[in-house]
Amino acid sequence: MLGILSFVGFTLLVAVVAYLATRKTNEQSSDGYFLGGRSLTAGVIAGSLLLTNLSTEQIVGLNGSAYESGLSVMAWETLAAIAMVVTAIFLLPRYLKGGLTTVPQFLATRFDVTTKTITSVLFLTGYVVVLLPVILYSGSVAISGMFNIPELLGVTETEALWICVWGIGITGGIYAVFGGLKAVAVSDSINAIGLLIGGLMIPLFGLMAIGDGNALDGLSILVQENPDKFKSMGTESDPVPFHTIFTGMMLVQLFYWGTNQQIIQRALAAKNLAEGQKGLMLAAFIKV
């Protein structure tokens, strides 16, 4: 019960802080609603970029891949940093110079409205069919397991998953629909602080448990007894074969960090080019 109260309390705290930070933002215009009035600073941009990217898809799925296949899957995160640097130096100046609100808008200017429409349909279809179901399901599995929802509410595991799916979806929708981008960005930044602290504490406590209270002893034991978990060059049978880092993987990263609307929107909302570039660079540093 204490865990649930802590979770609810932190969620409400984030909501209150996000409301106080955005109540003076004029959200009647497209720039105000979708880009937070173009007022985001580097720290908020970096936090929102990281949290928009990081979900249970990574916390559950990527950690599972690392446990099964070793550290070769870290390529997803390290190459992301390179893609963010490329975006900051080459793409963001062009986007901001054109006063763009969305990437499809850029495509309409660069090519034509048909290209914009096709791209928008593809983006939305990808979110609805591929991205959101995975995130909602994996998030529900995590929350249901952490708080033992089936026993708490006296329901089956399937019913607990559906309750969590709707709860996550409705809560996230309230943040996004009523708060606009700035509310989402501010809440992301606060959550990013908690996630970084918690993310560092989990392996630290794990290594201390292995090493009888000494994290360094725990790391030494882990390396000696499970050396296969530390291989960083993926083989053909691994999720990320080493040679793909220099080919398809980089293309995927450039697409995601440079043209994906839900990501680049954070940088487009910067108060100026310098803040946008610093936000991307800071996020890249944290990724590494």
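These are my notebook entries on a predicted model.

Basis. I worked with a predicted model in which local features need pLDDT of at least 70 and side-chain atom pairs count only at pLDDT 80 or more, while totals for chains, interfaces and linings use all residues. Residues are numbered from 1 along each chain as its sequence is written, and side-chain values use heavy atoms, with hydrogens and water left out.

Overall fold. I looked up the secondary structure and found 13 helices and zero strands, taken as DSSP runs numbered from the N terminus (helices H or I, at least four residues; strands E, at least two). I noted that buried residues make up 36% of the 288 residues, where buried means under 20% relative accessible area, exposed over 50%, and partly exposed in between (1.4 Å probe, protein chains only).

Thr87. I placed Thr87 in helix H5 (residues 75-97), and I count Thr87 as buried because its relative accessible area is 0%. Leaving aside neighbours within four places in sequence, I found Thr87 in contact (heavy atoms within 4.5 Å) with Leu92, Pro93, Trp257, Gly258, Ile264 and Leu280.

Val141. I found Val141 in helix H7 (residues 113-147), and with 36% relative accessibility Val141 counts as partly exposed. The C-alpha atoms of Val141 and Trp162, which are 21 residues apart along the chain, are separated by 9.9 Å.

Phe230. I located Phe230 in the loop between helix H10 (215-225) and helix H11 (248-259), and Phe230 counts as partly exposed because its relative accessibility is 31%.
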